[in-house]
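Come and read along with me.

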Amino acid sequence: MSQRKYVDNTESSSSEENGSSKPVSKEVSVHHVPFKVEYEGQANVEAKFSSNSVPAPSDSKVLINQFRGRPLQGQKFDLPESYEGLVALDLKGSSQLADETSKDTEISLVNRFETMTYWNWDRVPSGMDKHVKLLDWMELSKILHEPAED
Amino acid sequence: MPRAKSSSGSKSKKIDGGGTKSTGRKSKDTSVVDVDEGSDNDEADGEVEQSETTEHLPVAPKSTQALRKVIIAPKDIRTHGWENIEECQIKHPKSGKKSLFLLDTGSSRCDGNLLFEVLSMQHDTRSWFVDNTVISDGNMYICTPVDPLFFVIPVMEKSSKAKSLIDHLIEGSLPKAVAEVLTKRLSHKQLEFVSIKKDFEDFVVFLYSEEKTLNWLSGKAERVGKFLMDKGISQAESSVSSNFVKSSVEALSKEDCLRYACDIVGEYIDETLKKKLLEKLGLPVLQEKAGTKRKSSLGDDDENINKKTKISGDDPVMPLEDYGSSNSNTPVNKNVKVTAKEKELQKAAQGSHSLFKFFAPKAK
């Protein structure tokens, strides 16, 4: 059982915001989409997807978009204040990189976010969606696991 | 070859292992951009500009072998430094199965959380878009703090002797790193919630105390119960459609909440201790009976059924019969007469871990 180390690379990139050209300091846009993409890596998401989100005419809290011509309904939600989202990049098995910058046991945290958009095909995300339970769980786990005081 | 699947389609099977194969035929430079739209042969073809899409990631992977995951974690961890975090496999206090936890080995802090559990929220038919990156794995990995005392209990429980904490932990076969961190950072005051401290001149030993442990667990259950009550979260929630959530909130009784709270606390202790906890809180052991009923013959169950019906009687939301879930029930013993009420109860018992079904510990 090998120990894997976490390396926080979110800070280093965002600390250069004064006068640096690195675009990472801005909050990344995060979409949780209701379909499985059998591909991992770069894609023109911004232009092809994110920029097409518009508020629904009926309810301005609901976003509408489409993917391959199919309508999607989404809702932005914030993570609880004490939590953040992170994108972890596991370089395991990527041999070209292993001998340069990192050990193969390293997990690099590359992005950070506090808001995400949850998308459904056919209905407005509601209290029954898993992500709402997730928020409940975060609060609950704090109460459950907080060390007792006296 | 369709690369995206809708959630309404069949259970996701990876076509090519998340695109790993495709790396072989790529040229070296920026060409990770075999974008999913690329396979969409109608309009998107050829429009993808590779140079534009690669500049956003600080670590630009050359291959799609790099696996990204979306993690939700307390900000606290980052403040104290992810470099102090170690992954470790610890036996889960409930199941005894090894599960993944994160240990904060940072020595500087005595406050805050030392141990985090990693729960996965399964989303088989989802993916992530993060800026200009597609992340195939649509699951969410959630790190939430765990009270380390839950790990101390089973270890101390086994020993009839008073020992120093480190001896307890090592003999209880906790990983060394975990044992060391807990020894260093758990205060005596904390430990005394579950044990009796004996102070000798040059060393301190602890002896497990069930009474104290149950008091400590009751406190937790009561706090959780209050939270569930305030938030209007009920066990029934998972088994009713969203339209009915409101009305189920009205039907929440204090006892239901406390019972649910015990189930939640019960996710971190073994069954025997959970039973004792229910007893202590004056709750008849319903869940247990509902669960074992299928195995056992009727006999003394009659009496319990009456109690059960009383409790479930004030929950108007539950469907009397649920055909949808019948196949997920284990086949019911023929000898047992299954009334609608009983079905209802079984269903209630099933739903009790709803939150945790989504958050099943990620066993490795």
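Before starting, I noted that contact here means heavy atoms within 4.5 Å. I also noted that this is a predicted model.

**Entry 1: a tryptophan.** What is B:W216 in contact with, leaving aside its neighbours within four places in sequence? I found A:A148 from chain A, together with B:D147, B:L149, B:F150, B:I153, B:F193 and B:V194.

**Entry 2: the cores.** I then looked up the largest nonpolar core, which has 55 residues. B:W216 turned up again: along with B:F150, B:V152, B:L217 and B:L228, B:W216 touches the most other members. Domain 2 (71–208) and domain 3 (210–302) of chain B each give this core at least three residues. A separate, second core has 22 residues, including A:F77, A:L91, A:L134 and B:I135.

**Entry 3: a helix.** Is helix α3 of chain B mostly covered or mostly open? It is mostly covered, as seven of the nine residues in 149–157 are buried. I listed them as B:L149, B:F150, B:F151, B:V152, B:I153, B:V155 and B:M156. A general point I kept beside this list: in soluble globular proteins, nonpolar side chains tend to be buried together.

**Entry 4: a strand with two partners.** Next I turned to chain A, where strand β10 (residues 115–120) has five of its six residues buried. Which strands pair with β10(A)? Strand β7 (residues 70–78) of chain A pairs with β10(A) in the antiparallel sense, over six bridges. I was pleased to see A:T117 in both pairings: A:T117 is the bridge partner of A:H31 and also of A:K76.

Terms used
Residues are numbered from 1 along each chain as its sequence is written. Chains are lettered from A and ligands numbered from 1 in the order in which they are written. This is a predicted model: local features need pLDDT of at least 70, side-chain atom pairs count only at pLDDT 80 or more; totals for chains, interfaces and linings use all residues. Side-chain values use heavy atoms; hydrogens and water are left out. Buried means under 20% relative accessible area, exposed over 50%, partly exposed in between (1.4 Å probe, protein chains only). Helices (H or I, at least four residues) and strands (E, at least two) are DSSP runs, numbered from the N terminus. Two strands pair if DSSP finds at least two bridges between them. A nonpolar core is a set of buried Ala, Val, Leu, Ile, Met, Phe, Trp, Tyr and Cys residues joined through side-chain atoms within 4.5 Å. Domain bounds come from an automatic or database domain assignment.
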